[in-house]
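Hi,

Here is the structure I said I would pass on.

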Amino acid sequence: ALVLLTALRLQRKGDEALGFAEAFEFATPEGFAQARGMVANVLQDQDDMAGAEAAYQEAMHIAGEQPRIRKAYGVFCYRDGRYAEGAAHYEKRLPALQRRQVAAENAAPANLSAQDRVFLMAEQGIGDQIALMSLLRLAPLKDGAEVSFVGDPRHGPLLDGNALGLGHMAQSDLGNVTPPVAPGEMVFLGDLTRYLPDSVPEARHGPYLTPDAGAVDVIRTRYEALAEGRPIFGLSWASRSLIGALRSLPLSELVAVLPEGAFVVDLQYGDTRDEIAAAKAARPDLLFHSDPQIDQMTDLAGFAAQLAALGRVITIDNTTA
């Protein structure tokens with residue numbers, strides 16, 4: 001039933017999904033609660049936020065501490081600007097096993113301000129991590145505290161020279177730290193959202209990454225030479241995950257907004273040949289370029305330099321943003 005609900009939502013058959021969820025007899029309270037969470041997602045797709053709120057409340061009333069529903073409702077509150085309410089639910093997003101290793105209270109002011117070292121533990125996707133790192137500005141750190149982000153090795157070159165003073169460590173190296181990492185020194189990255197209620201947007205926004213200036217200049221010069229005076233745009237249009245289909249757009253539809261004769265830099269990961277072929281058929285006046293020197297899946301620093309070299313970027317909600 002839950003797989004079918006997901007499939008109907010991905011096909012944008014919201015009314016059919018809602019009807020099925022209401023009619024189906026679920027065997028367990030947990031299954032029913034998960035379905036109510038999915039109903040909340042469908043209602044958000046339909047811009048019915050009051051209905052989504054009611055569905056989330058029902059799901060939580062039935063399921064209690066189920067992490068997936070708590071996380072979804074926490075994010076729902078965050079998006080609505082209800083940060084204090086959202087934080088109480090969002091910290092329940094992780095299973096008990098992970099919480100036994102890294103407690104939510106490790107991010108509390110009393111603990112965080114007492115640590116000489118802090119290890120920010122990665123969670124969620126690459127784009128989410130890049131966004132969440134900016135919340136370090138809000139954290140009440142001890143003066144001189146050494147802060148390291150523990151995650152994907154690709155983040156290392158990307159974080160070189162960052163304005164947050166954030167170091168980097170691959171997760172596989174955490175066990176080799178001397179002296180050994182104490183439990184209270186580890187903080188899940190998402191737990192920094194607890195500081196959203198007491199902050200103003202100006203305090204948590206703004207750039208902190210510094211792409212290599214030389215690489216930016218080289219890429220910009222290369223694209224300007226290839227464009228030969230055409231206006232240059234970078235485009236990213238798809239999230240390749242299952243649920244990512246809901247925030248993706250056909251490239252052939254996206255290029256409709258571009259001016260005549262534009263030079264289009266492909267910022268999309270994965271095999272894009274068929275999509276670009278369809279876009280060329282729709283807009284034969286455009287010149288498309290997929291840069292063989294940059295692979296965002298293996299080189300985040302190179303991807304950052306590529307983005308910085310572009311004056312105009314059009315993207316969906318993904319790592320590019």
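Let me start with Q296, which sits in the loop between β7 (287–289) and α15 (300–308). Keep in mind that this is a predicted model. Is Q296 buried or exposed? Its relative accessible area is 12%, and since anything under 20% counts as buried, Q296 is buried. A polar atom of its side chain lies 2.6 Å from the backbone oxygen of L267. Leaving aside residues up to four places away in sequence, Q296 touches R154, L267, Q268, Y269 and F303.

Now the overall picture. The protein has 15 helices and eight strands, and its C-alpha trace spans about 60 × 60 × 35 Å along the principal axes. Of its 321 residues, 45% are buried. If you take the contacts with a separation of 6 or more, 71% are between residues 24 or more positions apart. The accessible surface comes to about 16000 Å², and carbon and sulfur atoms hold 55% of that.

Next, helix α6 (residues 83–90). Its buried residues are G86, A87, H89 and Y90. Looking down the axis of α6, they fall within an arc of 165°, so they line one face of the helix. As a reminder, an α-helix has 3.6 residues a turn, so residues three or four places apart point the same way. And what do the buried residues of α6 pack against? The partners are α4 (49–63) and α5 (67–79).

Most residues other than glycine have a negative phi, and most peptide bonds are trans. Here are the exceptions I noted:

- T178 and P179 are joined by a cis peptide bond, with omega about -10°. P179 is in the loop between β3 (166–170) and β4 (186–188).
- D47 has a positive phi, near 65°, and its place is the loop between α3 (29–45) and α4. D47 counts as exposed because its relative accessibility is 61%.
- Q124 also has a positive phi, about 65°, without being a glycine. Q124 lies in the loop between β1 (117–121) and α9 (126–132), and at 33% relative accessibility it counts as partly exposed.

Cheers

Note on methods: Residues are numbered from 1 along each chain as its sequence is written. This is a predicted model: local features need pLDDT of at least 70, side-chain atom pairs count only at pLDDT 80 or more; totals for chains, interfaces and linings use all residues. Side-chain values use heavy atoms; hydrogens and water are left out. Helices (H or I, at least four residues) and strands (E, at least two) are DSSP runs, numbered from the N terminus. Buried means under 20% relative accessible area, exposed over 50%, partly exposed in between (1.4 Å probe, protein chains only). A polar contact is a pair of N or O atoms within 3.5 Å; within protein, one must be able to donate a hydrogen and the other to accept it, and residues adjacent in sequence count only if both atoms are side-chain atoms. Contact means heavy atoms within 4.5 Å. Accessible areas come from the Shrake-Rupley method with a 1.4 Å probe; for residues, only the protein chains shown count as cover. The arc is that of the directions from the helix axis to the C-beta atoms.
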